[in-house]
Amino acid sequence: LPKEAELVVAARRKTTDQNPIDADDHAEEADVDAAGRFVLQNLVPGEYDVSVRVVLNPDAPAIQRQVRQASEHVTVTSGGTAEVVVVLDLSKRSDKN
């Protein structure tokens, strides 16, 4: 990644009929280290979409920013640790800027 790139990782809890919460109210973000690793702590058990979003040129005008994103599904259990690998293809432009 370019050194000026901005990288954000977020986990959004999925809603279900048994759990009709607003997913946006249950989003957690994490910092990413130099090796691309991140830890999201204290998530309640459930189903989550973990997304990675990178802005390759954050200082450019909004319309010219190069944004890439990818996501993966993960299940979090009580007292457990869940690992997820999200592959971010920098060659593909995202529709969401």
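Start inside. Select Val-9, Ala-11, Ala-30, Leu-40, Leu-43, Tyr-48, Val-50, Val-52, Ala-70, Val-74, Val-76 and Val-86: these 12 residues make up the largest nonpolar core. Now colour strand 1 (6-13), strand 3 (46-55) and strand 4, the elements that each give two or more residues to this core. Keep in mind that this is a predicted model.

**Confidence**

Colour by pLDDT next. The protein averages 83, and 84% of the residues score at least 70. Which strand has the highest confidence, and which the lowest? Strand 4 is highest, at 92. Strand 2 (residues 27-30) is lowest, at a mean of 87.

**The salt bridge**

Select Arg-37 and Asp-33. They form a salt bridge, with the closest N and O atoms 3.0 Å apart. The structure holds one salt bridge. Asp-33, at 34%, counts as partly exposed.

**The surface patch**

Finish outside. Select Leu-1, Leu-7 and Leu-90, which form a nonpolar patch on the surface. Together they have about 250 Å² of accessible area. Zoom in on Leu-90, in the segment after strand 4 (67-76). Its relative accessibility is 34%, so Leu-90 counts as partly exposed.

How values were computed: Residues numbered from 1 in each chain as written. Predicted model: local features only at pLDDT ≥ 70, side-chain atom pairs only at ≥ 80, totals over all residues. Heavy atoms only, no water. Patch = residues over 30% accessible without salt bridge, like charges linked within 9 Å, V, L, I, M, F, W, Y side chains within 5 Å. Areas by Shrake-Rupley, 256 points an atom, 1.4 Å probe, with all protein chains shown as cover. Salt bridge = Lys/Arg side-chain N within 4 Å of Asp/Glu carboxyl O. Helix = DSSP H or I, 4+ residues; strand = E, 2+ residues; numbered from the N terminus. Buried < 20%, exposed > 50% of the residue type's maximum accessible area, 1.4 Å probe, protein only. pLDDT = per-residue confidence, 0-100. Core = buried A, V, L, I, M, F, W, Y, C linked by side-chain atoms within 4.5 Å.
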